[in-house]
Amino acid sequence: MPDIKQNLMLVKEQISKAALDCGRNPDDIMLVAVSKKQPISAIQTAMQAGARHFGENYIQEAVEKIEAIGKDTVCWHFIGHLQSNKARFAVNYFEYIHTVDTLKLAKEISKQAEKINKIQNILLQVNIGLEDTKSGAAPERIIELAQQASLLEHISIQGLMAMPPWFENPEDVRIYFTKMRQIKKQIRELNLAHTPMTHLSMGMSNDFTVAVQEKSTMVRVGTSIFGSRE
Ligand SMILES: *Cc1c(COP(=O)(O)O)cnc(C)c1O
C-alpha cells in the first residue's frame with residue numbers, strides 16, 4: 001500500500017520549493033489529486049491528509065464516487081475526454097471541466113449549465129504536441145475557439161490545459177509548457193467576454209516541478225500521490 005499521506009506531503013513540498021525558487025507564491029498553485037481508477041478509500045485518505053481538489057477522467061466512475069463522497073465536500077475537476085452526450089453529467093458534478101476542445105462541446109456545456117442556472121468553469125484543451133493520439137484543439141486553432149466560446153453565456157473560460165508529449169527527462173517538456181504560457185497570454189490580451197483566462201492546467205507526476213516553473217496554476221498529479229493505477 002502506498003503511503004498516500006506521506007506522498008501528498010512530499011508532492012506539496014516539491015510544489016512549494018519549485019514555486020519559491022522562481023519567486024512564485026505556492027498558494028497560487030492548485031494541487032489536483034488525480035484519483036481515476038483509485039478506490040473511494042484512497043480519496044478519503046487523501047482528504048484526511050488535506051487534499052481539496054480531485055481530478056477524475058471517466059464520467060460513470062466519477063459520478064459514483066462523487067455521490068458517495070459529496071459534491072461540495074471537495075472541489076471536483078473533470079480531466080478526461082468528454083463526449084457531448086455526457087456533458088450534462090460533467091456540468092452537474094464538476095466545478096471545473098479541463099478538456100473542452102470543440103465549439104460543439106462548449107455549446108453543449110453552456111446549454112446544460114443554463115438549465116441548472118450555473119456558470120460552468122471550463123478550460124480549453126490544447127494539443128500542444130500535435131499528437132494524433134491526444135485530444136485537444138491544435139495550437140493554431142485555439143484562439144478562434146476561445147473567441148467563439150467566449151460568446152456563450154453560461155461558461156467561464158478559466159484557462160488552458162495540456163498534456164504534452166511524454167519524455168523521460170521533464171526538461172524536454174519545458175518548451176511545450178512555455179508555448180502554453182505564450183498562448184494563454186495572447187488570449188488574455190484579447191480581453192474576451194466570459195474569459196478570465198487565469199489558469200494553466202499542466203504538469204503531471206513526471207514533470208510538475210518544471211510546469212510550476214513555467215507558471216502552471218493547476219498541477220494534476222496521480223501516480224506520485226496514489227501509486228500505480230494497475
Ligand atoms: C491520469 C492523468 C493525470 C495524472 O497522471 P500521473 O502521471 O499519474 O500523475 C493528469 N492529467 C490527466 C489528463 C490524466 O489523464
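Hi everyone, let's start with one residue. Setting aside its neighbours within four places in sequence, leucine 124 is in contact with His98, Val100, Ile142, Leu145, Ala146, Ile157, Gly159, Leu160 and Met161, where contact means heavy atoms within 4.5 Å. Before I go on, a word on what we are looking at. This is a predicted model, in which local features need pLDDT of at least 70 and side-chain atom pairs count only at pLDDT 80 or more, while totals for chains, interfaces and linings use all residues. Residues are numbered from 1 along each chain as its sequence is written, and side-chain values use heavy atoms, with hydrogens and water left out.

So, where does leucine 124 belong? Leucine 124 is among the residues with the most contacts inside the largest nonpolar core, along with Phe54, Ile97, Ile109, Ile142, Leu160 and Ile225. That core has 67 residues. By a nonpolar core I mean a set of buried Ala, Val, Leu, Ile, Met, Phe, Trp, Tyr and Cys residues joined through side-chain atoms within 4.5 Å. Buried means under 20% relative accessible area, exposed means over 50%, and partly exposed is in between, with a 1.4 Å probe and protein chains only. Which helix gives the most to this core? Helix α1, residues 4-21, does, with six residues. Helices (H or I, at least four residues) and strands (E, at least two) are DSSP runs, numbered from the N terminus. There is also a second, separate core of six residues, which includes Met30, Tyr96, Leu123 and Met218. In soluble globular proteins, nonpolar side chains tend to be buried together.

Now the strands, in order along the chain. Two strands pair if DSSP finds at least two bridges between them. Strands β3 and β4 run parallel, joined by two bridges. Phenylalanine 78 has isoleucine 97 in β4 as its bridge partner. To get from β3 to β4 the chain passes through helix α4, residues 87-93, in a right-handed β-α-β crossover. Right-handed here means that, with the strands pointing away from the viewer, the path from the first strand over the helix to the second runs clockwise.

How many of the residues in β4 are buried? Five of the five, in residues 96-100. On to the next strand: β4 pairs with β5, residues 120-126, in the parallel sense over three bridges, and isoleucine 97 has isoleucine 122 in β5 as its bridge partner.

Then comes β6, residues 155-162, where eight of the eight residues are buried. β5 and β6 pair in the parallel sense over seven bridges. After that, three bridges join β6 to the parallel strand β7, residues 199-201. Leucine 160 has leucine 200 as its bridge partner in β7, and the chain crosses through helix α7, residues 174-189, in a right-handed β-α-β crossover.

Next, the aromatic rings. Rings of Phe, Tyr and Trp (its six-membered ring) pair if their centres lie within 6.5 Å; planes under 30 degrees apart count as stacked, over 60 as edge-to-face and the rest as tilted. The count comes to three aromatic pairs. One of them joins phenylalanine 54 and tryptophan 76, which are tilted, with 5.8 Å centre to centre and 40° between the planes. Why does this pair tie together separate parts of the sequence? Phenylalanine 54 lies in strand β2 and tryptophan 76 in strand β3, so the pair links parts that are 22 residues apart in sequence. Both of these residues are buried. Another pair, phenylalanine 167 and tyrosine 176, is stacked because the ring centres are 6.4 Å apart and the planes are at 20°.

Last, charges over rings. A charge sits over a ring if NZ of Lys or CZ of Arg is within 6 Å of the ring centre and within 35 degrees of the ring normal. The charged end of lysine 71 sits over the ring of tyrosine 93, 4.9 Å from its centre. Arginine 88 lies over the face of phenylalanine 89, at 4.6 Å from the ring centre. Arginine 88 is in helix α4 and counts as partly exposed because its relative accessible area is 43%.
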